[in-house]
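Visitor: I am new to this and would like to know what stands behind the words used for it. Please show it to me first.

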Amino acid sequence: MNEKLTLRRPDDWHLHLRDGAMLAAVAPASARLGRAIIMPNLVPPVVTGADAAAYRDRIRAALPAGATLTPLMTLYLTEATDPADVVAAHRAGIIAAVKLYPAGATTNSASGVRDFDRVRPVLDAMAEAGIPLCVHGEVTDPGIDIFDREAVFIDRVLDPVRRATPGLRVIMEHVTTSDGVDYVSGNDGIGATITTHHLVINRNHLLVGGIRPHYYCLPVAKRESHRLALRRAATSGDPRFFSGTDSAPHPDRAKESACGCAGCFTAPNWLPIVAQVFQDEGALDRLEGFVSLNGAAFYGLPPAEGRITLTRRDQPVSAPTHITAGDETVTVFEPGFPIHWHVEDDA
Ligand code: OTD
Ligand code: ZN
Ligand code: ZN
């Protein structure tokens, strides 16, 4: 028998849509969502309200007819960010949040913050205006092991920043450790996105039996106990945890290389995968909270308009393994288990 689930239209609280030919290629995969927080790590990054408005217009132009997606734009915080520009862009409805990348933490983050004291005036203005801060929570100190960078970030940066600017609403993006889960669960005014891939893979999937470049992302997948903590948090019903795919497409050429770049392209199949995870955890009744309700509530928005229906088919659903972007191919994230859930046309 086919199982059916009807949910409020899901949102994606962390999405990389890129620009140019890649934007045109990947935008359709997210077009039927409600809202998505659009990451600003273009080259060069989206740093001013004017940059964000122009990028939003390019995204709108790339969306197919019938798209329901509202892109929620973000600014890339630099040590030169002008607090007045941030507040004005928010007041004008151009941006929904600001993104903090420690310099060098992930793909295209060279312009990120080195000295957190230098952005204090921006953070204070954001707290005052109610603008949330999205945080890539990893230190970049070369002396810190890559698997420890999230836990160290909490102590060295996240907690001090939150104490210095009380009232600042913070989203710990793509949380990957039980340390991150514990920090978010134990504090108010902080939420966390959890990606699809971190619910599915641990570092063995990445490294055992050959290195799998399409499972390489930042923050890097951790050991199994952390993956299980993420699954518990996602399925717990705690509204501080919500889905952000961190879908981050790269040309296969750039990933399958001697120095492969970081990012998993999950936008085409994230929802069927997350539905399978929730089914396996006996938590399908909490799926709607995670994908459609909790994030909106954290951002102070109503749930998206409309609904989607997910159907579980007895036979696995076959889906494209690649898409084409200009002259490049991009591999779609493969979860390592058959996908039975299918997103039906919505109403
Ligand atoms: N992680 N890749 C990218 C961003 C994310 O940290 C992230 O948000 C990217 O390619 O933009 C990745 O692995
Ligand atoms: Zn990040
Ligand atoms: Zn990201």
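Guide: A word on contact before anything else: contact means heavy atoms within 4.5 Å. Axes are lines fitted to C-alpha atoms, for helices over the stretch in contact, and angles run from 0 to 180 degrees between N-to-C directions. Helices (H or I, at least four residues) and strands (E, at least two) are DSSP runs, numbered from the N terminus. With these terms, helix α11 (residues 270–280) lies across β1, β10 and β13, at about 130° to β13. Helix α12 also packs on the sheet, where α12 touches β1 and β10 and makes about 30° with the direction of β1.

Visitor: What kind of model is this, and how are the residues numbered?

Guide: This is a predicted model, in which local features need pLDDT of at least 70, side-chain atom pairs count only at pLDDT 80 or more, and totals for chains, interfaces and linings use all residues. Residues are numbered from 1 along each chain as its sequence is written, chains are lettered from A and ligands numbered from 1 in the order in which they are written, and side-chain values use heavy atoms, with hydrogens and water left out.

Visitor: What makes β1 and β13 edge strands?

Guide: Two strands pair if DSSP finds at least two bridges between them. Six bridges join β1 to β10 (residues 307–312), and four join β10 to β13, so both pairs meet the definition. The open sheet has the order β1-β10-β13, with antiparallel pairing. β1 (3–8) and β13 (341–344) each have a single partner strand, so one side of each is left without a neighbour in the sheet. The twist averages 25° from one strand to the next. Leu7 stands opposite Ile308 in β10, and Arg312 stands opposite Trp341 in β13.

Visitor: Why is α12 described as largely enclosed?

Guide: Buried means under 20% relative accessible area, exposed over 50%, partly exposed in between (1.4 Å probe, protein chains only). Nine of the 12 residues of α12 are buried, so the rest of the structure largely encloses α12. Among them are Leu287, Phe290, Val291 and Phe298. Strand β10 is largely enclosed too, because five of its six residues are buried.

Visitor: Why is the site of the zinc ion (ligand 3) called tetrahedral?

Guide: Donors are N, O and S atoms within 2.8 Å of the metal (3.2 Å for Na, K and Ca); water is not among the atoms, so sites may look incomplete. His14 (NE2), His16 (NE2) and Asp246 (OD) coordinate the zinc ion (ligand 3) at 1.9 to 2.0 Å. Four donors count as tetrahedral if all angles lie between 85 and 135 degrees; four count as square planar and six as octahedral if opposite donors are over 155 degrees apart and all others between 65 and 115; anything else is irregular. The angles among the four donor atoms here are 92 to 125°, so the site is tetrahedral.

Visitor: What makes the site of the zinc ion (ligand 2) irregular?

Guide: Its four donor atoms make angles of 57 to 148°, so the site is irregular. His136 (ND1) and His174 (NE2) coordinate this ion at 2.0 Å. Both His136 and His174 are buried. The zinc ion (ligand 2) and the zinc ion (ligand 3) are 4.1 Å apart.
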